[in-house]
Amino acid sequence: MNAPALPKASDYKSELKPVWCPGCGDYHVLLSLTKAFAALKLRPEEIAVVSGIGCSSRIPAYTNCYGFHGVHGRALPLGTGLKVARPELTVLVTGGDGDGFSIGGNHFLHACRRNIDITYVVMDNRVYGMTKGQPSPTTEPDWDSALSPGGTGVRPFHPLVIALASGANFVARTFSGDIKGTTDTIVQAINHPGFSFVEILSPCVTFRPDQRGWKSVVHPAPVEPTDDAARAARRIMTDDGFNVGVLYRGSREPYMVERAKETGEPAQFDGMFEI
Amino acid sequence: MTNAPGPQITDLGELLAYAHAIEVDAMERYQLLADQMETHNNRELAKLFRELAGHEEKHAAKILEQAGESGLPVIEESAFHWLGTESPEAADLDAAHYRMTPWHALQMALGAEQRAFAFFDHLVNTVSEPEVKKWAEEFRDEEAEHVELVERLLKLHPEPAEGWDLDDDPPYLQD
C-alpha cells in the first residue's frame, strides 16, 4: 500500500501562468519558494506572500497561498501588519531591488529594526525591468545603457550590510539558478525567528543580458555563518558580491507579537497615555 | 552553488521512484517552457516544448506501469539526491529566450538527456545490489537512445546566425 502523498512544489502553484521573460531568474525563485513550502509541509492557507510593485512582485499571484500585491515599496509594512494581526501565518514579503531599496528603502531599515518574525525575499537584478531598464539602487555605477549613458556614477546600495546594521536577525545571499541552495536557504530563513532577509541574485536577461554570466561566477561562501553582526558585515563588505549561502544568524528576540496583542482593546490604551 | 553528495539507492522501488521523478520534473519543465513561449507568441517553440513534455509524460507513465500494483515508494522532494543541484533531465531554464529557435530548444533537450544518462551511468557504477544495477543499466541505455535521437533531430535544425536574439524594442511583461 502506498504511503500518504507528501506535499509537492506544484501543490503551491496557482493556475496563473507567469508572464516573466523566458530566462528570467524569477522563474527559479518561484520554484524554490514552492519547494521550500513543500519541504516545510506548510498548507497553502498557512502562508501569506506579500509584495509591492515590479516584475518580481507578481510572484504572489503565481502561488495559491494567501497573497497581497500591494503598492510600490510598501510590501514590508503590509507584511508587518499582517504578521502582527495574524501571528500564526507564515509571512513572506517578496519583491525586487527597486521596490525594496529605493521606493521602500525606509521601510527596509525599520523592518530590520523591528525584527518581526517574517521573511523578506528580494530578487535583485540591479535594474528596473518592468519599466524597461532604468538603473536601480543596486546597479553598478559604471553600467552603461541607453537610459544611463556612461553609468550613474552613484555608489550602489549594499542591502546585506544595511540589513545587518539595522538589526535583521538572519542574512543570506543566494543565486536563483541554484534552486536547491535557494530552497534550503528559504527554509532556514523561515525557520529562523525574527526578521530574515534573503537577497537572491536573479538575472534580468532582457535588460541585463550580461547577468547570464552570474551562473559561472557565484560560489559558496567560504566560511560558516557567524552570529557576530560586525564580523558578518566585514566579510560582506570585502567579498566579491557573489558569495552565496547563509551569512549571519543572529539571536535577537523577535518583536513580541503575542504581548502586543495582549494589550487588548483600544480603550485600554487610554489609561496608559494619561498625563 | 550547492554541491550534492549524489544518490544512495539500495532497492528497486527507490530506483523507480527516482526514475519517475526525473521524468515528471522533465515534463513539468518543458510544460513551463511551452507556457513561456505561448505567452511570448513563439508558437513554433511552444509546440515543440509541448511535444517534448508529452514524451516525458509517456516515460513517466511507463515507469508507473513497471512499478506494478505496489506502486512507487513515497519520497519527499527534498530527500532526492541528485548529482547536480536539481533533477538531471529538467531543461535549463536559464537558457530560454523569447526569440529562441528549435536549435536552441534541442540543445536544451540534448543537455537534459546527457545529464540523465550521466545520472544512471553513475548509478550503474556505484550501486551494489544486482537488480538495481540491472535496471539502472536499462534506464541508462534508454537515455543513450534519447541522446542519439536528439542529435539526429539537431541535424535537421541548423544553428541560427548571430543576431537571432536582437530586438530593437524588447518586450517586458506580457499582459
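Student: Among contacts in chain B between residues at least 6 apart in sequence, what percentage join residues at least 24 apart?

Tutor: This is a predicted model, and in its chain B the share of such contacts that join residues at least 24 apart is 76%, counted among contacts between residues at least 6 apart in sequence. For chain A, the corresponding share is 69%.

Student: Which elements does the secondary structure of chain B come to?

Tutor: Chain B comes to four helices and zero strands, and from the N terminus on its elements run α-α-α-α. Taken along the principal axes, the C-alpha atoms of this chain fill a box of roughly 55 × 35 × 35 Å.

Student: How should I read the span of a helix, taking H4 of chain B, residues 130-156, as the case?

Tutor: The expected span of a helix is 1.5 Å times one less than its number of residues, and the reach from the first C-alpha to the last can be set against that value. Helix H4 of chain B has 27 residues and reaches 40 Å, which is close to the 39 Å expected.

Student: Which residues of H4(B) are buried, and against which helices do they pack?

Tutor: A residue counts as buried if 20 or more other C-beta atoms lie within 10 Å of its own. In H4(B) the buried residues are B:Val132, B:Trp135, B:Ala136, B:Phe139, B:Glu143, B:His146 and B:Val150, and they pack against helix H1 (12-39) and helix H3 (102-126) of chain B. Over the whole of chain B, buried residues make up 39% of the 175 residues.

Student: What does the secondary structure of chain A come to, and why is chain A described as being as compact as a globular protein of its length?

Tutor: Chain A comes to ten helices and eight strands. Its radius of gyration is 19 Å, close to the 19 Å that the globule rule gives for 275 residues, and therefore chain A is as compact as a globular protein of that length. The C-alpha atoms of chain A fill a box of roughly 65 × 60 × 35 Å along the principal axes, and 51% of its 275 residues count as buried.

Student: How many residues does the contact take from chain A and from chain B?

Tutor: The contact takes 32 residues from chain A and 25 residues from chain B. On the side of chain A that touches chain B, the elements that give two or more residues are helix H1 (26-40) and helix H6 (179-191) of chain A, and the largest share, five residues, comes from H1(A). By residue type, that side of chain A divides into 16 nonpolar, eight polar and eight charged residues.

Terms used:
Residues are numbered from 1 along each chain as its sequence is written. Chains are lettered from A and ligands numbered from 1 in the order in which they are written. This is a predicted model: local features need pLDDT of at least 70, side-chain atom pairs count only at pLDDT 80 or more; totals for chains, interfaces and linings use all residues. Two residues are in contact if their C-beta atoms, placed from the backbone, lie within 7 Å. Ala, Val, Leu, Ile, Met, Phe, Trp, Tyr, Cys and Pro count as nonpolar, Asp, Glu, Lys and Arg as charged, and the others, Gly among them, as polar. The radius of gyration is taken over C-alpha atoms; the globule rule is 2.2 Å times the number of residues to the power 0.38. A residue is buried if 20 or more other C-beta atoms lie within 10 Å of its own, exposed if 12 or fewer, and partly exposed in between; C-beta atoms are placed from the backbone.
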